[in-house]
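User: I'm new to this one. Could you walk me through how to read its features?

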Amino acid sequence: LEDLPVVSLAADAAHDCHPADLATGQPTTLAAVDTPALLIDLDQVEANIQAMQALATQHGLRLRPHVKTSKSAEIARLQCAAGAVGICCAKLSEAEVMVEGGLDDIVITSPVVAPVKQRRLAALATRARLAVAVDHPQTVLGLAAAAGAFGVRVGIYVELDVGQARTGVSDPDELAELAALVVRQPQLRLDGMQAYNGSVQFIVDTDARRAAVDAVATRIRAARAACAARGVLLPLVSGGGTGSADFDVLAGAIDELQAGSYVCMDGQYAGIDWPQGVPPFGLALTVLATVISTPTPTRAVLDSGWKTLSVDAGPPVALDVPGARFRFGGDEHGVLEFDDPALRPPLGSVVRLRPAHVDTTVNLHDSALALRGGRVSHRLRIGARGCVR
Ligand SMILES: Cc1ncc(COP(=O)(O)O)c(C=O)c1O
């Protein structure tokens, strides 16, 4: 870390980060950067983007990456420049940030139900091609009214529950009925069906994961058939994630991949088996933390706790620190424990942590240090951080 030069951080910092970041002035090496800090290796991000785009293209699928992972318009633009047809956003407020950042083709993958939000969505549709997942007739009619009020057409992805038991209609005939209702609304455009199964993504064993993807494909085909039987044309089916993508492209049931985490990867995705033996995507995001206390020979305390690293998927892993076991020590502390005192890093040293879950960790940070060609090139804005509305 000590050897990595830092360039031009101050220039962008004026726009993108908290004043406290500026107080430390221009650091000359990464080890001198104020921590905790996210570090995003943009070379690795681009390699990951190329790998997922190649997988989709090779099998004739469109890629519509989910930007809930990076929450960054800069990274979303890289994904579109590499061939993605557009992006997915989890929430309307995330989509608003992305439109501000120049993204113009967005699918919101969670239902937008409140009338006030439906009007906001219709307003945003005056500025970008927008679609939204829907799983209830009431939502269809509400969106039609809002779109009518703004004189726009809003795209709809009718959502099928393919096994996650989250949102989505589970009965194929009900799904077809919903799609038919959409077609009858002149203010709406039936863009496709969303069929995402998050519970498949982290099945460790590749054969079991493949079988689960095949079960998803069977449910999609039943819903497609129900739509056809009603004379409803479904332009496409959208779904899939980082863990299922290898099998989604072979199962032949989806036309558009919604994968998101591949762009940065994390501990959860490092923990599953991959058909190629190793993940085709590399770790691009880490958290830099400083050892702020060494109270015993076998303990080093870091400045990074629950407010820096998400806890939903477990503790992070300290990279390049052999023998370290991480445990959370509260909001602002992380504790590294060692059996061998000789392995404990010294007070003041900076360590890199691999988060267990990248999406929820990114959401805790306003900006990240962007690494390019082994140099910190600029501060990357996490513009949609905290955009949960
Ligand atoms: C609707 C939807 N599509 C796609 C994804 C992307 O999945 P992953 O991050 O596993 O690639 C998610 C993840 O939460 C999702 O909720």
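Analyst: Let's start with the ground rules, then go to the ligand and a few residues.

Analyst: This is a predicted model, where local features need pLDDT of at least 70, side-chain atom pairs count only at pLDDT 80 or more, and totals for chains, interfaces and linings use all residues. Residues are numbered from 1 along each chain as its sequence is written, and side-chain values use heavy atoms, with hydrogens and water left out.

User: Which residues are closest to the ligand?

Analyst: A residue is near a molecule if one of its heavy atoms lies within 4 Å of it. Here 13 residues surround the ligand, and the closest are T242, Q258, G260, S261 and Y269.

User: What kinds of residues make up the shell around the ligand?

Analyst: For sorting, Ala, Val, Leu, Ile, Met, Phe, Trp, Tyr, Cys and Pro count as nonpolar, Asp, Glu, Lys and Arg as charged, and the others, Gly among them, as polar. The shell divides into three nonpolar, eight polar and two charged residues.

User: Which polar side-chain atom lies 2.5 Å from an oxygen atom of the ligand?

Analyst: A polar contact is a pair of N or O atoms within 3.5 Å; within protein, one must be able to donate a hydrogen and the other to accept it, and residues adjacent in sequence count only if both atoms are side-chain atoms. The 2.5 Å one belongs to Y269. R166 also has a polar side-chain atom 3.1 Å from a ligand oxygen, and for a side-chain N or O atom of Y196 the distance is 3.3 Å. The protein covers 89% of the 390 Å² of accessible area that the ligand has on its own (Shrake-Rupley method, 1.4 Å probe).

User: Is S238 buried or exposed?

Analyst: Buried means under 20% relative accessible area, exposed over 50%, partly exposed in between (1.4 Å probe, protein chains only). S238 has 0%, so it counts as buried. Strands are DSSP runs (E, at least two residues), numbered from the N terminus, and S238 is in strand β8, residues 237-239. Its side chain makes a polar contact of 2.7 Å with the side chain of E256.

User: What does the side chain of R189 contact?

Analyst: R189 is in strand β7 (residues 188-194), and its relative accessibility is 16%, so R189 is buried too. A 2.8 Å polar contact joins its side chain to that of D191, and a polar atom of the R189 side chain lies 3.4 Å from the backbone oxygen of L130.

User: And where is V350 found?

Analyst: V350 is in strand β15, residues 350-354, and is buried at 13%. V350 and I292 are 58 residues apart along the chain, with their C-alpha atoms separated by 9.5 Å.

How values were computed: Helix = DSSP H or I, 4+ residues; strand = E, 2+ residues; numbered from the N terminus.
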